[in-house]
Amino acid sequence: MAKVPPKISLRTRLLLSHLIVMAVAIIALAGVSRLSTPRYFVITLERLEGRGIRIQQMRGQILESFTDAWARGMIWSVLLGGGAAGGISYLLSRRIIRPLTRMEGITQRFAAGDWAARVPPSEIPELHQLGHSFNRMASELQQVEQQRRELVSDLSHELRTPLTIVRGYLEALSDQKLPATPETYERLISETQRLQRLIEDLQELSKLEAGYLPIQRQCLELPPLIQQITQRFRDQQLESQNPQLVLEIAPDLPAVDADLARTEQILVNLLSNALQYTDNGTITVKAWTQAEQVWLAVKDTGIGIADADLSHVFERFWRADRSRSRRSGGTGIGLAICKRLVELQGGKIHVDSQVNKGSTFQFWLPKATQTR
């Protein structure tokens with residue numbers, strides 16, 4: 001097996017490159033000087049003789065002395081100049097390498113789990129830009145790591161509650177402390193369905209974030225879809241009169257360039273969320289057009305969301321009222337899925353809300369082109 005040649009560090013490479021450039025410059029200077037200086041000196045002597053100064057008898061001795069003096073001066077110039085240039089090259093190489101060495105130390109701290117370290121500013125513009133990009137990458141990695149920890153913590157919390165309930169019921173049934181009534185089995189089924197919904201939502205969100213969930217965009221007419229979905233929710237309410245579902249669809253609403261199944265999923269999630277948090281009043285589904293965008297909104301008169309919580313609405317597992325959401329079976333992932341589905345179809349979604357007055361979730365989708 002062939003030996004791998006030893007790797008040369010960047011500092012050594014920079015120093016060697018400086019020394020090579022310096023050596024080439026010295027050799028070129030010495031060579032040109034060695035070839036041209038004696039000749040010019042002879043020409044100078046000939047000019048002096050032309051002026052009547054007789055130095056012909058001493059010409060050889062003068063030329064030899066000059067050559068010796070030139071050689072001594074050249075040697076000292078090479079030694080002093082080369083030493084000074086080598087020292088400066090070494091210092092400059094250290095200055096260039098220092099931020100990179102510091103960056104290497106910070107990466108080792110990252111590997112050890114310390115995400116607080118950052119690269120300090122550098123006087124060299126290129127290294128300063130590299131350090132800035134490195135710090136930005138470090139901040140993003142720190143945020144990803146924090147989200148990963150929060151996801152694991154939230155997921156553990158979400159799974160613990162239904163598992164604890166199921167285990168408690170099963171132990172009570174096993175010890176005959178609880179009668180095996182249909183209500184008991186219905187509660188067990190409800191908790192297992194909640195676990196199933198949680199797993200399905202997590203799988204879908206994972207596919208969305210990884211880009212594995214296909215989006216089949218087409219020319220889609222929204223009014224029939226909206227009417228079909230709202231009628232489905234009205235049928236589910238049966239005798240209940242609260243909240244009331246109201247439609248406000250603008251006339252001549254243009255078609256959108258969107259995926260039928262994903263758009264339906266968005267509206268179903270938003271309507272389900274509105275029903276969970278609205279006991280009385282109305283839930284209004286609106287659709288209108290603005291420029292090249294077709295807007296849809298689900299407005300309720302429910303409990304609303306505090307201003308401090310609005311920025312967290314589309315985060316995974318976030319809930320404004322955790323106890324209420326658990327009772328109604330929510331997983332805290334539906335709005336995160338809605339946001340991702342809207343963005344994959346080229347649109348945007350946002351929320352406006354006031355506590356005890358209600359919330360409005362609205363999003364837009366692009367108009368369909370004439371060629372579709």
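What percentage of the contacts in the protein with a separation of 6 or more is accounted for by residues 24 or more positions apart? The share is 70%, where contact means heavy atoms within 4.5 Å.

This is a predicted model, in which local features need pLDDT of at least 70 and side-chain atom pairs count only at pLDDT 80 or more, while totals for chains, interfaces and linings use all residues. Residues are numbered from 1 along each chain as its sequence is written, and side-chain values use heavy atoms, with hydrogens and water left out.

**The whole chain**

Begin with a cartoon view: the protein has eight helices and seven strands. These elements are DSSP runs numbered from the N terminus, helices being H or I of at least four residues and strands being E of at least two. The protein exposes about 23600 Å², of which carbon and sulfur atoms supply 56%; accessible areas come from the Shrake-Rupley method with a 1.4 Å probe, and for residues only the protein chains shown count as cover. Of the 372 residues, 32% are buried. Buried means under 20% relative accessible area, exposed means over 50%, and partly exposed lies in between (1.4 Å probe, protein chains only).

**Helices α6 and α8**

Select residues 260-276 for α6 and 334-344 for α8. Their axes come within 9 Å and cross at roughly 150 degrees; axes are lines fitted to C-alpha atoms, for helices over the stretch in contact, and angles run from 0 to 180 degrees between N-to-C directions. That angle makes α6 roughly antiparallel to α8, a description used for angles over 145 degrees.

Now display the side chains of the pair. On the α6 side, select Arg-262, Gln-265, Ile-266, Asn-269, Leu-270 and Asn-273; they meet Gly-334, Leu-335, Ile-337, Cys-338, Leu-341 and Val-342 of α8. The residues of this contact divide into seven nonpolar, four polar and one charged. Here Ala, Val, Leu, Ile, Met, Phe, Trp, Tyr, Cys and Pro count as nonpolar, Asp, Glu, Lys and Arg as charged, and the others, Gly among them, as polar.

Stay on α8 and colour its buried residues: Leu-335, Ala-336, Ile-337, Cys-338, Leu-341 and Val-342. Just after α8, Gly-346 takes a positive phi of about 90 degrees.

Return to α6 and centre on Gln-265. Is Gln-265 buried or exposed? Gln-265 counts as buried because its relative accessibility is 16%. Not counting residues up to four places away in sequence, Gln-265 touches Glu-204, Ile-337 and Leu-341.

**Leu-130 in α3**

Select α3, residues 125-174, and find Leu-130 within it. Leu-130 is partly exposed, at 38% relative accessible area. Leaving aside neighbours within four places in sequence, Leu-130 is in contact with Leu-100 and Met-103. Draw a C-alpha to C-alpha distance from Leu-130 to Met-103: the two are 9.9 Å apart in space and 27 residues apart in sequence.

**Two loop residues with positive phi**

Most residues other than glycine have a negative phi. Gln-176, in the loop between α3 and α4 (182-210), has a positive phi of about 60 degrees although it is not a glycine. Gln-176 is exposed, with a relative accessible area of 72%.

Finish in the loop between β6 (348-354) and β7 (358-366), where Asn-356 is found. The phi of Asn-356 is near 65 degrees, a positive value in a residue other than glycine. At 64% relative accessibility, Asn-356 counts as exposed.

Methods
Parallel < 35°, antiparallel > 145°, perpendicular 65-115°, else oblique.
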